[in-house]
Amino acid sequence: MLDVVPGENAACARLILQPNNSAGWKGNRVFLFAVGGVALTISIAFSFFGALPVLAFCGLELALLAGMLRAVSKRCASQEVILITPLEVCIEKGMAQPERTWTFPRWYTRIVLVEGGRNGHLCVVFVCKGEEVEVGAWLADGDRKALIATLRSLVAHYQHLYH
């Protein structure tokens, strides 16, 4: 998902990139409780007939499912924020708060589109003084195209306003 917050002029903006997260943790919990309720009902019925290992394996499967859903929800909670001002480009990556931050002078920062990146998709990479930062690696194709179009627009306005 791409969210664009306009800046002080047409050459500046804050771009917020987030993975698609249709269910979220609340939706995943509802799914877990629904599947868990059905599985536990069936395993308890089997345990009445003497098949106690079924109940133990059901608990193990539900614990594994809960762990995997939690890992997916945590990964989907990540975000990248790109702040583009007249003087600098700041890229922040993290979950609830920035865990990594890169700040580059805008004049020396290039935006490079790399063919055949992860899964054969077009990658957006910010390059400055030998340091490279890829952004939006998990974006859907439509969001990636919107990101590229937005970045092109910001670069065009910057060249128009500051040259």
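Predicted model: local features only at pLDDT ≥ 70, side-chain atom pairs only at ≥ 80, totals over all residues.

Colleague: Fine. What is the strand order in the open sheet of five strands?

Modeller: The order is β1-β2-β3-β4-β5, and the pairing is antiparallel.

Colleague: Which strands stand at the edges?

Modeller: β1 (2-6) and β5 (98-105) do. Each has a single partner strand, so one side of each is left without a neighbour in the sheet.

Colleague: And what does the twist average from one strand to the next?

Modeller: The average is 15° per step from strand to strand.

Colleague: Zoom in on β2 and β3. How many bridges join them?

Modeller: Five bridges link β2 (residues 13-17) with β3 (residues 79-84). The two strands run antiparallel.

Colleague: Which residue in β3 is the bridge partner of Leu15?

Modeller: Ile82 is the partner of Leu15.

Colleague: What holds paired strands together in general?

Modeller: Strands of a sheet pair through backbone hydrogen bonds, whether parallel or antiparallel.

Colleague: On to the helices. At what angle do α1 and α2 pack?

Modeller: Helix α1 (residues 24-48) packs with α2 at about 175°. Their axes are 9 Å apart. The cut-off for roughly antiparallel is over 145 degrees, and α1 and α2 therefore count as roughly antiparallel to each other.

Colleague: How do the residues of that contact divide?

Modeller: Between α1 and α2 there are 16 nonpolar residues, six polar and one charged.

Colleague: Now Ser73. Where does it lie?

Modeller: Ser73 is in helix α2, which covers residues 52-76.

Colleague: Is Ser73 buried or exposed?

Modeller: Ser73 has a relative accessible area of 8%. Buried means under 20%, so Ser73 is buried.

Colleague: What is Ser73 in contact with, beyond its neighbours within four places in sequence?

Modeller: Gly24, Trp25 and Asn28.

Colleague: Last one, Arg106. Where is it found?

Modeller: Arg106 sits in the loop between β5 and β6 (110-114). Arg106 is buried, with a relative accessible area of 8%.

Colleague: What does Arg106 touch, not counting residues up to four places away in sequence?

Modeller: Its contacts include Ala11 and Cys12, the run Ile84, Thr85, Pro86, Leu87, Glu88 and Val89, and also Leu154, Val155 and Tyr158.

Colleague: What does the side chain of Arg106 reach at 3.3 Å?

Modeller: The backbone oxygen of Leu154.

Colleague: And how many Å separate the C-alpha atoms of Arg106 and Leu62?

Modeller: The separation is 50 Å, with the two residues 44 apart along the chain.

Conventions
Residues numbered from 1 in each chain as written. Heavy atoms only, no water. Pairing = 2+ DSSP bridges. Helix = DSSP H or I, 4+ residues; strand = E, 2+ residues; numbered from the N terminus. Axes fitted to C-alpha atoms, helices over the stretch in contact; angles between N-to-C directions. Buried < 20%, exposed > 50% of the residue type's maximum accessible area, 1.4 Å probe, protein only. Contact = heavy atoms within 4.5 Å. Polar contact = N/O pair within 3.5 Å; in protein donor to acceptor, adjacent residues only side chain to side chain. Parallel < 35°, antiparallel > 145°, perpendicular 65-115°, else oblique. Nonpolar A, V, L, I, M, F, W, Y, C, P; charged D, E, K, R; others polar.
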